[in-house]
Amino acid sequence: MRILKRIFHLILRSPRQIQGWRSARSLAVLVFPLILPLAGAAAQVVAPDTIRLQVVGGLAGVNQYTRLEEPFWRQRLPQITGGRLNADISPFDRSGIRGQETLRLLRLGVTPFSTALLGLVASEEPELSALELPGVSPDTATLRQVINAQRPWLEEMLRERHETELLAVYVYPAQVFFCARPFGSLLDLRGRRIRTSSAAQSEWVSALGAVPVVIPFAEIVPAIRANVVECAITGTLSGWQIGLNEVTTHIHAMALTWGVSLFGANHTAWQNLPPDMRDLLRSEVAELEQRIWEASSAETGLGLACTTGKPECTGEQTDVAGGRAQGRMTLVNVSPEDDALRRRLVRDVILPRWAERCGSGCGEEWNARIGNALGIAAPVSK
């Protein structure tokens, strides 16, 4: 697998290192048919009755990976299969993989089992943004409704376009506004420089009248300290874990996005597994998905409690949250005016621009799947 990844990145990211070729991507056309049989065997039998899987997990250093994903693949899977299934797992952001390429790598079989962060892969597959348009799901219940209503479509789309079998939809804790200066409502953020993590978040921030600045998660705190940005959008709990409460003073309670991610298997790698192992994996990963959703909901509230110093952030809960001292931030609750602004920006800016990027028929399909049920319809093609 390491060799395959190096070949892939040499082709897609370092074309100048390939001499004598007019285009690195032309070389890809010749090389990929040669490496695909190797990639398809990545879920391979390494000893009699033993299968070792190569898995790319979620973000490193956050609870979803350290407390749920990694223990599942490294410990639970060998235990429940009596050693028949073993797995090597690495977080995608420490695997030399660009988030925008994760679906492409799955389709090619270079990564046989992989996580794909929706906010990153949607830049190349805009239709996927339908699962998590900024401002559409301000709470967990609405997010579940949005995902459940669109899951059949998602499974079919990934299977047909990306040769990927969808196994789970994961979600991180709510992503909210942290700010270094006081504010009392969303309108107060106009004109401020705000860290975002995706094009969709940036679009919402621009519509608000603020200035989006895309900054990697690991660089949020230094960016606030250096006054590169005045606010940051990130998870309630992960923000506290990295010490964001030490450089900001106010946090908003409304979820803008949730960091939805997809977990799937390359079709060939999936079919190479024995049927009983496929059934077991599908069942077990579904249970892992449920635990991740429950943790996301709990950690959203825990993150708000810990950043603001509420009594709920005590004892074992602080261990889950990383053991940091409680913060003293001011919680800005969602006012009726904030909620009305959220819906207006979704209706007048987010949905029309997404429908235009996505193309003909996207608005109608989104409305039929979930938009009409939410009372926030996308514009339709004429």
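Thr 196 stands opposite Val 214 in strand S8. This is a predicted model. Strand S7, residues 193-196, runs parallel to S8, and four bridges join the two.

Strands of a sheet pair through backbone hydrogen bonds, either parallel or antiparallel. Here six strands form an open sheet with mixed pairing. Their order is S8-S7-S9-S6-S10-S12. Two strands stand at the edges: S8 (211-214) and S12 (330-332). Each edge strand has a single partner, so one side of each has no neighbour in the sheet. On average, neighbouring strands of this sheet are turned by 30 degrees against each other, direction ignored.

## A helix across the strands

Helix H7 covers residues 199-208.

Now look at Ile 194, which lies in strand S7. Is Ile 194 buried or exposed? Its relative accessibility is 0%, so Ile 194 counts as buried.

What is Ile 194 in contact with, leaving aside its neighbours within four places in sequence? Its contacts include Phe 177, Val 205, Val 213 and Ile 233. Also among them are Leu 189, Ala 210, Pro 212 and Cys 231. Ile 194 and Glu 230 are 36 residues apart in sequence. In space, their C-alpha atoms are 6.0 Å apart.

## Two packed helices

Two packed helices are described by the angle between their axes and the distance between the axes. Helix H6 (residues 140-162) packs against helix H14 (residues 362-374) at about 160 degrees, with the axes 9 Å apart. That angle makes H6 roughly antiparallel to H14. The crossing of H6 past H14 is right-handed.

Which residues make the contact? H6 contributes Thr 142, Gln 145, Val 146, Ala 149, Gln 150 and Trp 153. H14 contributes Trp 366, Arg 369, Ile 370, Ala 373 and Leu 374. By class, seven of the residues in this contact are nonpolar, three are polar and one is charged.

## Positive phi in two loops

Most residues other than glycine have a negative phi. Glu 163 is not a glycine, yet its phi is positive, at about 50 degrees. Glu 163 sits in the loop between H6 and strand S5 (164-170). With a relative accessible area of 42%, Glu 163 is partly exposed.

Asn 227 also has a positive phi, near 65 degrees. Where does Asn 227 lie? Its place is the loop between helix H8 (220-225) and S9.

Terms used. Residues are numbered from 1 along each chain as its sequence is written. This is a predicted model: local features need pLDDT of at least 70, side-chain atom pairs count only at pLDDT 80 or more; totals for chains, interfaces and linings use all residues. Side-chain values use heavy atoms; hydrogens and water are left out. Axes are lines fitted to C-alpha atoms, for helices over the stretch in contact, and angles run from 0 to 180 degrees between N-to-C directions. Angles under 35 degrees count as roughly parallel, over 145 as roughly antiparallel, 65 to 115 as roughly perpendicular and the rest as oblique. A crossing is left-handed if the near helix is turned anticlockwise from the far one by less than a right angle, and right-handed if clockwise. Contact means heavy atoms within 4.5 Å. Ala, Val, Leu, Ile, Met, Phe, Trp, Tyr, Cys and Pro count as nonpolar, Asp, Glu, Lys and Arg as charged, and the others, Gly among them, as polar. Two strands pair if DSSP finds at least two bridges between them. Buried means under 20% relative accessible area, exposed over 50%, partly exposed in between (1.4 Å probe, protein chains only).
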